[in-house]
Amino acid sequence: MGWFEALVLGLVQGLTEFLPISSSAHLRITAALAGWGDPGAAFTAVTQIGTELAVILYFSKKIGKILTAWWRSLHRREARHEPDARLGWLIIVGSIPIVVLGLLFQDAIDHAFRDLRLTATMLIGFGILLLIADRVGRQYRTLDHLTVPHGLGYGLAQAMALIPGVSRSGGTVTAGLFLGYTRAEATEYAFLLALPAVFGSGLYKLTDIGGGDSPQWGPTILATLVAFGVGYAVIAWLMNFIKTKSYVPFVVYRIVLGVLLIVLVATGVLDPDAGPAM
């Protein structure tokens, strides 16, 4: 991977990580269209550390309160009923599905799940699910209503993002809307819930960088830094956008992109397992 390729993929990662359109799908598609080959699951996981650092910066006060309350709840039983302490515990509960499924399907995540035909199917299918959830969800719950079953439901939805095209934020938000949470609350929890999973995955994949066919350290670090800066701006924009707007524009985008991807693969322009067809 060259420096220019890393710069472009870092921009793509930062722009798409928090929007419900699947950053892993866009990294995969961008590389395929440019003829660069698949950047790989390790590169995707490590660059996502940059975008999650943006989450920590943007929600620093909220995260600080959660960590403080959670730590207090370890020593004081009555503190476990505090909203922030409960949220901390439920983030841990919600992270269990992606950890278990990530380990069980590690080989498929690195290979079979990266097929562009599957990516296109997930873009369209989960786009339709997001549209339904956005329309039928009652949107009256806040994170104070979060329960263990809801936390696991969020977690299972997040775990689906192991397949490019689903979208970590999109899957989690869709689950939240179906459960009756408001757009803002579902989105905020999606960002917070991603922290343990993304950092865990990124650190786990660090050893793959620089070895074999994986990108080298220099370009990977550049892409991660670019993703951090762009990702922070996208978070600020999205949190304001969803206060007055729906997710419909993202649904339309997902479906159009999915259909276009199917056409490109079907006509032989793109090889579903590599880059542009030769």
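Reader: At what angle do the axes of helix α7 (residues 116-136) and helix α12 (residues 248-266) cross?
Author: This is a predicted model, where local features need pLDDT of at least 70 and side-chain atom pairs 80 or more, while totals for chains, interfaces and linings use all residues. Numbering runs from 1 along each chain as its sequence is written, and side-chain values use heavy atoms, leaving out hydrogens and water. Helices are DSSP runs (H or I, at least four residues; strands are E, at least two), numbered from the N terminus, and axes are lines fitted to C-alpha atoms, for helices over the stretch in contact, with angles from 0 to 180 degrees between N-to-C directions. The axes of α7 and α12 come within 8 Å, and they cross at roughly 160 degrees.

Reader: So are α7 and α12 roughly parallel or roughly antiparallel?
Author: The cut-offs are under 35 degrees for roughly parallel, over 145 for roughly antiparallel, 65 to 115 for roughly perpendicular, and oblique for the rest. With a crossing of roughly 160 degrees, α7 and α12 are therefore roughly antiparallel.

Reader: What handedness does the crossing of α8 and α9 have?
Author: The axes of helix α8 (residues 148-159) and helix α9 (residues 168-178) come within 7 Å and cross at roughly 150 degrees, which makes the two roughly antiparallel. A crossing is left-handed if the near helix is turned anticlockwise from the far one by less than a right angle, and right-handed if clockwise. For α8 and α9 the crossing is right-handed.

Reader: Which side chain makes a polar contact with that of D84?
Author: D84 sits in helix α5 (residues 83-104). Beyond its neighbours within four places in sequence, D84 touches K62, K65, I66 and A69, contact being heavy atoms within 4.5 Å. A polar contact is an N or O pair within 3.5 Å; within protein, one must be able to donate a hydrogen and the other to accept it, and residues adjacent in sequence count only if both atoms are side-chain atoms. At 3.4 Å, the partner of D84 is K62.

Reader: Is S22, with its phi near 75 degrees, buried or exposed?
Author: Most residues other than glycine have a negative phi, yet S22, in the loop between α1 (3-16) and α2 (23-34), has a positive one. Buried means under 20% relative accessible area, exposed over 50%, partly exposed in between (1.4 Å probe, protein chains only). At 1% relative accessibility, S22 counts as buried.

Reader: What relative accessible area does Q139 have?
Author: Q139 lies in the loop between α7 and α8, and its phi is positive at about 50 degrees although it is not a glycine. Q139 is partly exposed, with a relative accessible area of 22%.
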